[in-house]
Amino acid sequence: MTEEATRIPSRASTAHPGSSVASSAAVRGAPWTFAFLIGSLALGLAVLGPAMLVTVVALLTQGVFLAFFARHLGFAIASMRSTPIDLAAPLVDTGFRPPVSVLVACKDEVAVCEALVEHLVALEYPGQLQLIVVDDASSDGTAERLDQLASRHDRLLVVHRAPGAGGGKAGALNAGLERASGDVVIVFDADHRPRPDVVRRLTRHFEDPAVAAVQGRCVIGNPEDSPLTRLVAIDYLAGYLVNEYGRQVLFHLPAYGGANCAVRADVLRQAGGWNPDTVTEDTDLTLRLVLGGHRVRYDVTAVDEEEGVVNLARYWRQRYRWARGHQQVWRDYRRAVLHSTALTWPQKIETVMFLAIFHLPVVSAAGLVVLVLWVGGVVNPVDPLNAFVLWTLLFLGPLLELGGGLLISRVDRRNALTLVLFLPIFFVSIALCTKAWFDGIAGRPYSWVKTKRSADDQPAARAWGVGT
């Protein structure tokens, strides 16, 4: 591996030399994209005419759908063959026990912080284990409650951030990193319930010096709270049992997911910590690690429960943040990916598709516009049957992964009925991803926002996970 390949891009560097993530994405946006699209549309109408232009757009859209369908199919086949074997594999103790620091960022989490601490102190690790919870200038009593809990648990260190410190979750984690003493840093979210053996399962991979980060598997702990939560639970089965696993088996490129994940402290510090100028600090760090020639691994047996969103408003808020962040990371690192000496061409193609996943609903929106124009008789494609026969591939690909996740996890088959919600939720995803794309290209300001917990609607004593 060359020296160039092992140099980790700092959190201030992007694909544009001399510019920062903040200036290239969060502030400036890319408004020239609008002019390019309008100019291309005008040129296409002048050269091809309406009918041929609609045909070309439709065929290009179907080509994108076909490429992602092939990706979904490959992931489903790979996971169906390998995931059950790894799930059944025993945990082997090699005696490798690096010092570990666990970091959790808390912002107005008084409803869940007690349950969080209960699960943190229950973690089983025979080596040195430091527990750090960062209070990110909470205003709901979280700080006082965490201090009370710290007085009862010697291993728990509470770090308080001042109001206006900024940086969202990334800024809070960086504050915790300053106090971290471990060689390995493990991150959980405030609403998470890690299983006791998670630390042992995540840290064992760092015995390989090439591994810089490890992602564990997240499952939804409240699938019965609403029909939407059940669908999200199935989505997580597909994401972690099929998609994430497929990326590792086929491309050796699993993503560092931002929670239930571990990273080498020295590598993280060399990279400049988490990027406070993005709302998806996990995806940003993933790109910086792989572009630096480091390896990210995925452990399907390192399991952690989290709370799924229970209504459409919270789903929109959460997924809009994911879409806005992924689309920003695409703008920041796309050129670096294509010119990387650390990635093979198959890995470059997969990384581009991974970054483009929240652009796919935007492409679908364009396809829907073409479909409406055709059905409404405004314009007729040259060959409408060929132009739209592959439309079903857009839905078959994700359904392959969703079905694969259900089969691998062996959940009650009646859960498959929840998939009827897939179609309306997909249209919601088209709307929120398209809005995120327009907002990002226009450079509209946006900062990290917390997903509201179900426990926020209840007295603290009835918070999700307390006493379980």
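Hi everyone, let's start inside: the largest nonpolar core has 69 residues, and Val 185, Val 187, Tyr 256, Trp 274, Leu 287 and Tyr 315 touch the most other members. By core I mean buried Ala, Val, Leu, Ile, Met, Phe, Trp, Tyr and Cys residues joined through side-chain atoms within 4.5 Å, where buried is under 20% relative accessible area, exposed is over 50% and partly exposed lies in between, with a 1.4 Å probe and protein chains only. Helix H8, residues 227–251, gives this core the most, eleven residues; helices are DSSP runs of H or I, at least four residues, numbered from the N terminus.

This is a predicted model, with local features needing pLDDT of at least 70 and side-chain atom pairs 80 or more, while totals for chains, interfaces and linings use all residues. Numbering runs from 1 along each chain as its sequence is written, and side-chain values use heavy atoms, leaving out hydrogens and water.

There is also a second, separate core of 31 residues, including Val 112, Cys 113, Leu 120 and Leu 131.

Finally, Leu 48 sits in helix H3, residues 32–88, and is partly exposed at 40% relative accessible area. Thanks, everyone!

Technical notes:
Helices (H or I, at least four residues) and strands (E, at least two) are DSSP runs, numbered from the N terminus.
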